[in-house]
Amino acid sequence: MSIKLFELLLRASIYTVGISMASILIGFAIAIGLSGALLSPKRFFKVPAQIFISFFRGVPLLVQLLLIYNLLPAIGVNVPSIVAALVGLSLCTAAYQAENLRGGFASVPRGLVESAEMVGLTPGQIFRRIKVPIALRLTFPALVNEAILILKASSLVSVVGIVELTRMAQDLAGSTFLPLDIFASAGLIYFIINWGVAQAASVIERTLPGVPR
């Protein structure tokens, strides 16, 4: 396979990384709210969060992407394919991250929260300064695993017209008749990306407060 073809795969991988990272961050922000709703004693918050998570964990991501891509124009919201892909991936990963964070929040020592209340911290301050950091530390490996899964699952966004790494590999394999070379190269790029994410996560994890070095 020529260097030019490999460069095309590398350029396409930028879309894979960009879409995946943006979706993970957006999904994390949504997941914090969802996990808080899951732990709420009020059914008004808890039930909608449970339904949201059950739906996005129970329906295949491919179906979610196609549903969102076709639903938005049907209700008068015309958006680029990249937006539909981001919405689909973000909502999907938010459901999984919320379950991970819920376990982390539930593991925050009650005595620590009570101590914070005694010194006068507000519920919002306790959530931001105590619960979120501890939950993030406890669930960090699971969140990294979810990030890697989304990086691989991002190959599905090709169904809404995004030319990411897998779609580019398919197009090149069909036009060059070199499927083995093309897909082996794409697999290598995926491996390097995910290996880099795992290594970066290991470094970050060692810097988190309370994690043994």
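# A walk through an all-helix model

Leaving aside residues up to four places away in sequence, Leu-34 touches Ala-49, Phe-52, Ala-94 and Ala-98, where a contact means heavy atoms within 4.5 Å. The model is a predicted one, in which local features need pLDDT of at least 70 and side-chain atom pairs count only at pLDDT 80 or more, while totals for chains, interfaces and linings use all residues. Residues are numbered from 1 along each chain as its sequence is written, and side-chain values use heavy atoms, with hydrogens and water left out.

A nonpolar core is here a set of buried Ala, Val, Leu, Ile, Met, Phe, Trp, Tyr and Cys residues joined through side-chain atoms within 4.5 Å; buried means under 20% relative accessible area, exposed means over 50%, and partly exposed lies in between, with a 1.4 Å probe and protein chains only. In soluble globular proteins, nonpolar side chains tend to be buried together.

Taken as a whole, the chain holds eight helices and zero strands, the helices (H or I, at least four residues) and strands (E, at least two) being DSSP runs numbered from the N terminus. The C-alpha atoms fill a box of roughly 70 × 50 × 25 Å along the principal axes. Of the 213 residues in the chain, 38% are buried, and among contacts with a separation of 6 or more, 74% are between residues 24 or more positions apart. The accessible surface comes to about 11600 Å², of which carbon and sulfur atoms account for 68%; such areas come from the Shrake-Rupley method with a 1.4 Å probe, and for residues only the protein chains shown count as cover.

Helix α4 also carries Tyr-96, which at 30% relative accessibility counts as partly exposed. Not counting residues up to four places away in sequence, Tyr-96 touches Phe-56, Arg-57 and Glu-146. By contrast, Ile-75 lies 21 residues from Tyr-96 along the chain, and the C-alpha atoms of the two are separated by 27 Å.

The charged side chains come next. Side chains of opposite charge can pair when their charged atoms come close. A search of the whole structure finds three salt bridges, each defined as a side-chain nitrogen of Lys or Arg within 4 Å of a carboxyl oxygen of Asp or Glu. In helix α4 (residues 81-106), Glu-99 and Arg-102 lie three residues apart, about one turn of the helix, and they form a salt bridge whose closest N and O atoms are 3.2 Å apart. Both partners are partly exposed, Glu-99 with a relative accessible area of 23% and Arg-102 with 32%.

In helix α5 (residues 110-118), Glu-114 and Arg-110 are four residues apart, about one turn of the helix, and their salt bridge has its closest N and O atoms 3.4 Å apart. Arg-167 and Asp-171 meet in a salt bridge of 3.6 Å, N to O; because they are four residues apart in helix α7 (residues 165-176), about one helical turn separates them. Arg-167 is partly exposed at 28% relative accessible area, and Asp-171 is partly exposed at 37%.
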